[in-house]
Amino acid sequence: MTDATSTLDNLMHEERAFGPSADFAANAVADASRYERAKADRLGYWADRAREVLTWDTDFTETLDWSDAPVAKWFVGGKVNAAYNALDRHVEAGNGDRVAIYFEGALGDTTTYTYAELTAAVKKAANAFESLGVAKGDRVAVYLPMIPEAVITMLACARIGAVHSVVFGGFSADALRSRIDDAEAKLVVTADGTWRRGKPSSLKPAVDAALAAPGHTVENVVVVKRNSEPTEWNDGLDKWWNDVVLTASEDHAPVAHDSEHPLFILYTSGTTGKPKGILHTTGGYIVQSAATLKDTFDLHPETDVYWCTADVGWVTGHSYVAYAPLVNGATQVMFEGTPDTPHQGIWWEIVEKYKVSLLYTAPTAIRTCMKWGREIPDGYDLSSLRVLGTVGEPINPEAWMWYRDVIGANAGKNGEKKEHPAPIVDTWWQTETGSHMIAPLPGVTHTKPGSAQVAVPGISIDIVDEMGESVGDGEGGYLVIRDPWPSMLRGIWGDPERFKETYWSRFDGMYFAGDGAKYDEDGDLWLLGRVDDVMNVSGHRLSTTEIESSLVAHDKVAEAAVVGAKDATTGEAVVAFVILRGSAEEGEDIVTELRNHVGKQIGPIAKPRHVLVVPELPKTRSGKIMRRLLKDAAEGREVGDASTLADPSVMTKIAEDMRK
Ligand code: PRX
C-alpha cells in the first residue's frame, strides 16, 4: 500500500470542509438524530426504517437472525413484494399520475411513464413471463440496454418471485453464457440492440452465440425491438416482447414473498478467474437501498427529479435506478446514450430539460467532463441541482472541487454562481453491500473534497491492521464491516464455501471489503483503492486473474501478468505483459489479436490498454510474479525493490521496453 499511503499523506492536508446551508439543513430529510438513534439501538433503528420505507404484507417478528452467520436473515417472518412497493402502492395512494421515468433515448426519442403506466407495464410483463413458464425461484437472465424495459423486466421478476440476473450489455457472448449456465437461467430477456455514438449496436447476436452450443437451460428468449436492425431468428426459442408482453393482461396480483426470498444475482469480479454470483434477498436489500437513497440524496419525492447515470448492468443501476427511486415514489430520468453523443453537453442539456435536482454519477465521468472543459456545462442552466453524488472509485479532490464549483455552483447560463453550491455526497459501497455504507448526510455532514466521510447510520465500519485491531485517527489499514447490515449479500450463488473464504476468513467475525482506507485526524474516512487483485476501470470491477486466464487461453500465449495502472480519466487501465509461445511472432498484429481476444472472451471493457510482449516475467525464486514491479513500470515510475527477483535484470528490460 505504498502508493496509497503517499496519496493519503497529501489528502491528510486537506483543510477545506463544506457544511450544509442553514436552509438545506432545515429542510433535510435526515438530521443528526439518525446517528443517535442508530447508536443507541442499531436493530431498533433498522426495524423503524423497515416499517417507514416499505409497506409490509405481513410484519416481521424478528429484526435480525445472525445464528447462521455469516448468512444473515433480516426482518424475519416478514412478507413483502418489492414490485408492489415500487409501483402499486403509489398508485393506490393517489400518485398514479406522477412521472416515474422520463426516458431519453440514444437518438433523442423520449417516452414518459407515470406510476400508473409503469405499474401496468410491469403487470403485463409478469403475466407474460408466467405464461412462458417462469415460476417463483426460477432465474431470468437480462441482457438489455438502458431502456425502460430493463426496469420493467427486473420488477416483473421481483413481482412473481423470479430471480433476475442482469448481465451488462458490454459483456461478451462467452461471459453471458457462463452466467446463464451458473445461474441455470430459464428465460433470457434481451433486445435486438441499441445505439452507441449514433450507430446501431447489436445485442441479440451475442445471445444467439451464447446459446449456440447445446446444454443450456434456456427455454425462451424474449426480444425487445429497439434499434430494428435485422436479427437472426430462432423459432424454437425467440419471442418478440411486443407479441408476448404487450398483449398480456394488465391484471396481476402481487404475491407477498418471504423477506429472505432471493431477489437477484449479480455477477462481479473477484480475485480468481471465475466471476462470483452475488446473491441478494428481498426485505433487507429494499429497506437499506430505499432508506439510504432518501437520506444520502435528501430525496423529496414530490418535488425532486433524480438521475443516476449508472447502467442497470451494475449494482448502482440495480439499487439506485431499478429499486430505491421507485420504492420511494420518486421521479427519475433514464438515459440510453453516452455522454458524448450527439455532443459533449448532452448530460447538461438533460439536466436543464428535466430540471434534474439530484444527480448520481461516477468520478470517471466527472474527470472526462473536466477534460472537455467547463465551457460546456457553463452553457447550460444547472440551477435545479441540489445534491451531487459520486460512486465507484475514490474521487480525487480536484475532481470533487470541479464537481462542486462547475456543476454544483451553476446558477444559470449567465454564469452566475450559487451562494451555496449543491452538496457533494461521495458514497462508498459494493455489489456485495447492496447499498451505501459510507456516505455523508448532506444536511448534517461537513464534507471534505475526496473523503467519503462516515458510516451511514446503523452501519458499523472500521479500519483494522494486519492483526484485525482497530487503527486510530490518522492511521490506515483494511476496511471492514463489523456488524451485519440489512442489504448485505446472502452468499455467492452455488458456492457457500467461497463466500466464507472470500469475505469472512481474513479477519475473525468481520466482513473484509478488499479496500484499503484511512482515518484522517478528525476520524473521517478516506478510501484508498483495492488491496487485492481487483482493478477498477471507469468504476467497473475487473479481475486481474480473469484477464490473465483469458490471455493464457489464447493459443499464442505462454504466460501473462495483468496489472491496473493509474489512468487520469478511467482511474485505472488494464496493462498486460505476455510471454508468447515459441512459434508466435511479435508485432502490432499480435497485440491487436490479443486485445480483441480479451474483448471477445470477457467484453470490450476488459480489453487491455497496452499489451507488452516480454521475454520473461519478474518472478521471485519461488515463482511468484511480482505484479507490484510491473505496476511501477506500467505507471512509468522508477521500478521498486527488485532484489527478491530470481533474475533482477528481467525488470530492467521490461521497464526499458515500457518507456519505448
Ligand atoms: O474499491 C471500492 C470501489 O468499488 C468497489 C466495489 O465495486 P462494485 O462492486 O463494482 O460496486 C461499485 C458501485 C457501488 C469497492 O470495493 N468503490 C466504490 N465506491 C467507492 C469506491 N472507492 C472509493 N470511493 C467510493 N465512493
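1. Rings of Phe, Tyr and Trp (for Trp, its six-membered ring) are taken to pair if their centres lie within 6.5 Å, and a pair is called stacked when the planes are under 30 degrees apart, edge-to-face when they are over 60, and tilted for the rest. By this rule the count in the present model comes to 30 aromatic pairs. One of them joins Phe-168 and Phe-171, whose ring centres are 6.0 Å apart and whose planes stand at 90°, so the pair is edge-to-face.

2. The model is a predicted one, in which local features need pLDDT of at least 70 and side-chain atom pairs count only at pLDDT 80 or more, while totals for chains, interfaces and linings use all residues. Residues are numbered from 1 along each chain as its sequence is written, and side-chain values use heavy atoms, with hydrogens and water left out.

3. Phe-168 counts as buried at 13% relative accessibility, where buried means under 20% relative accessible area, exposed means over 50%, and partly exposed lies in between (1.4 Å probe, protein chains only). Phe-171 is buried too, with a relative accessible area of 8%. Over the face of Phe-171 lies Arg-179, at 4.5 Å from the ring centre; the rule here asks that NZ of Lys or CZ of Arg be within 6 Å of the ring centre and within 35 degrees of the ring normal. Lys-225 is placed likewise over the face of Trp-240, at 4.3 Å from the ring centre.

4. For Phe-507 and Phe-512 the ring centres are 5.6 Å apart and the planes lie at 85°, so this pair is edge-to-face, and both Phe-507 and Phe-512 are buried. One aromatic cluster is formed by Trp-66, Trp-485, Phe-499, Tyr-503, Trp-504 and Tyr-511.

5. Tyr-511, a member of that cluster, also stands in strand E24, opposite Ile-481. Strands are DSSP runs (E, at least two residues; helices are H or I, at least four), numbered from the N terminus, and two of them pair if DSSP finds at least two bridges between them. Strand E22 (residues 476-481) and strand E24 (residues 511-519) run antiparallel and are joined by five bridges.

6. Which strands make up the open sheet, and in what order? Four strands form it in the order E21-E22-E24-E25, with antiparallel pairing. Strand E21 (461-464) and strand E25 (525-530) are the edge strands, each pairing on one side only.

7. UniProt lists residues 93-493 for "domain: AMP-dependent synthetase/ligase", in an unreviewed entry; such annotations may be inferred rather than shown by experiment. Over residues 93-493 the chain is 29% helix and 22% strand, and the end C-alpha atoms are 37 Å apart.
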